[in-house]
Structure formats: structure tokens, C-alpha cells
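Thanks for coming. I will go through the charged and aromatic side-chain contacts in this one.

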Amino acid sequence: MGAFYSSHAGIVYFGSIFTFYNFILRFIQCRREVGYQFEDGDFKIVSGHDSLRNAINIAIMTRYKELKNELYSPDFGCKIHELTKAKKSTIIQKKIAYYCENVLKEMRRIKTVNEIIVTDNKDNNAHKYGVFFNITSINDEVISGSVNL
């Protein structure tokens with residue numbers, strides 16, 4: 001059991017880091033367009049584009065059905081983690097794009113998925129692939145971002 005303090009948000013939280021992570025996920029999923037971002041060793045409150053970009057990153061980087069007890073969406077997460085041990089190939093890149101597109105289409109704050117590009121990170125040994133996304137939000141704003149896998 002630990003205590004976490006965020007000077008930006010003015011929050012003192014007692015519990016495990018996993019419980020705190022679940023708290024943040026639930027906060028983002030509760031149909032609010034506000035989220036948290038870790039910056040300069042502390043949590044920062046974000047909204048708008050940054051909040052949606054963070055929610056997309058969390059959805060893609062969370063294993064499919066990892067949050068089994070989540071009442072809001074028991075099928076939350078992305079299936080790309082099933083491909084982590086697979087050998088690099090064009091087929092795997094297409095599967096990653098397909099899984100990411102499915103996750104983005106399920107998000108209520110996304111109107112359309114405009115583009116998903118999966119690249120092979122040849123120079124970066126820590127990450128096999130890069131996923132670039134371009135979406136249109138329900139507010140008709142175009143938002144782009146990327147995730148390294």
C-alpha cells in the first residue's frame with residue numbers, strides 16, 4: 001500500500017499503483033473528456049485532443065480483456081499483444097492495423113478512423129512496430145498520433 005500525491009491535481013491517493021491505474025482508466029471511460037498525463041515526474045490534467053490521444057494510447061496498449069471486472073466495457077483492450085512473439089512480416093503489420101482499427105471504432109469519442117499506418121521499426125530495437133493513427137473525433141476535429149509497440 002502506497003500513497004501517491006499529485007501537486008498539479010491536488011490529489012492524495014492511498015492504494016496500489018494498479019488500483020490507481022484502474023482509477024485513471026475508469027475516469028477516462030466515464031464519458032468525460034478529461035484525463036491525466038504523466039509529465040515532469042507528476043500527473044497533469046489534460047483535456048481535448050490530449051485527452052483523446054491518451055485514451056487511444058491506453059486502449060491500444062491495454063491487453064484485450066485485461067480489465068475483466070470492468071463494468072463499462074468488459075471487452076476493453078486490443079488484441080495486438082497476441083502478436084508480440086510473431087516474426088515480423090507484412091501479414092503481422094496488416095493484423096496490427098486491423099486490431100487497432102477495431103479498437104478505435106469501438107471508442108465513443110471517435111467518429112471515423114481516417115488512417116492507420118503500421119511501420120517496421122528497424123532502427124529501434126525496443127519496439128518492433130510503430131502505429132500511426134489519424135481519426136476524426138465526434139467534434140469533427142482531426143487528431144493524429146502514434147504508438148510504439
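Let me begin with a question: is lysine 65 buried, partly exposed or exposed? Lysine 65 has a relative accessibility of 39%, so lysine 65 counts as partly exposed. Keep in mind throughout that this is a predicted model.

Now its contact. Lysine 65 makes a salt bridge with aspartate 75, and their closest N and O atoms are 3.7 Å apart.

I will take two others.

In the next, lysine 88 meets aspartate 120, with 2.7 Å from N to O. This pair connects distant parts of the chain: lysine 88 is in the loop between α2 and α3, while aspartate 120 belongs to strand β5, residues 110–120, and the two are 32 residues apart. How accessible are they? Lysine 88 comes out at 35% relative accessibility and counts as partly exposed. Aspartate 120, at 29%, is partly exposed too.

Lysine 88 has a further contact. The charged end of lysine 88 sits over the ring of tyrosine 129, 6.0 Å from the ring centre.

Aspartate 140 pairs with lysine 111, and here the closest N and O atoms are 2.5 Å apart. Aspartate 140 is in the loop between β6, residues 129–137, and β7, residues 142–148, whereas lysine 111 is in strand β5, so the bridge ties together parts 29 residues apart in sequence. Aspartate 140 is exposed, its relative accessible area being 52%. Lysine 111, at 48%, is partly exposed.

On to the rings. There is one aromatic pair in the structure. Tyrosine 98 and tyrosine 99 have ring centres 6.0 Å apart and planes at 50°, so this pair is classed as tilted. Which of the two is buried? Tyrosine 99 is, because its relative accessibility is 17%, and buried means under 20%. Tyrosine 98 has a relative accessible area of 48% and is partly exposed.

The charged end of lysine 79 lies over the ring of tyrosine 64, at 4.9 Å from the ring centre.

That is what I had. Please go ahead with comments.

Notes. Residues numbered from 1 in each chain as written. Predicted model: local features only at pLDDT ≥ 70, side-chain atom pairs only at ≥ 80, totals over all residues. Heavy atoms only, no water. Salt bridge = Lys/Arg side-chain N within 4 Å of Asp/Glu carboxyl O. Buried < 20%, exposed > 50% of the residue type's maximum accessible area, 1.4 Å probe, protein only. Helix = DSSP H or I, 4+ residues; strand = E, 2+ residues; numbered from the N terminus. Phe/Tyr/Trp six-rings, centres within 6.5 Å; stacked < 30°, edge-to-face > 60°. Lys NZ or Arg CZ within 6 Å of the ring centre and 35° of its normal.
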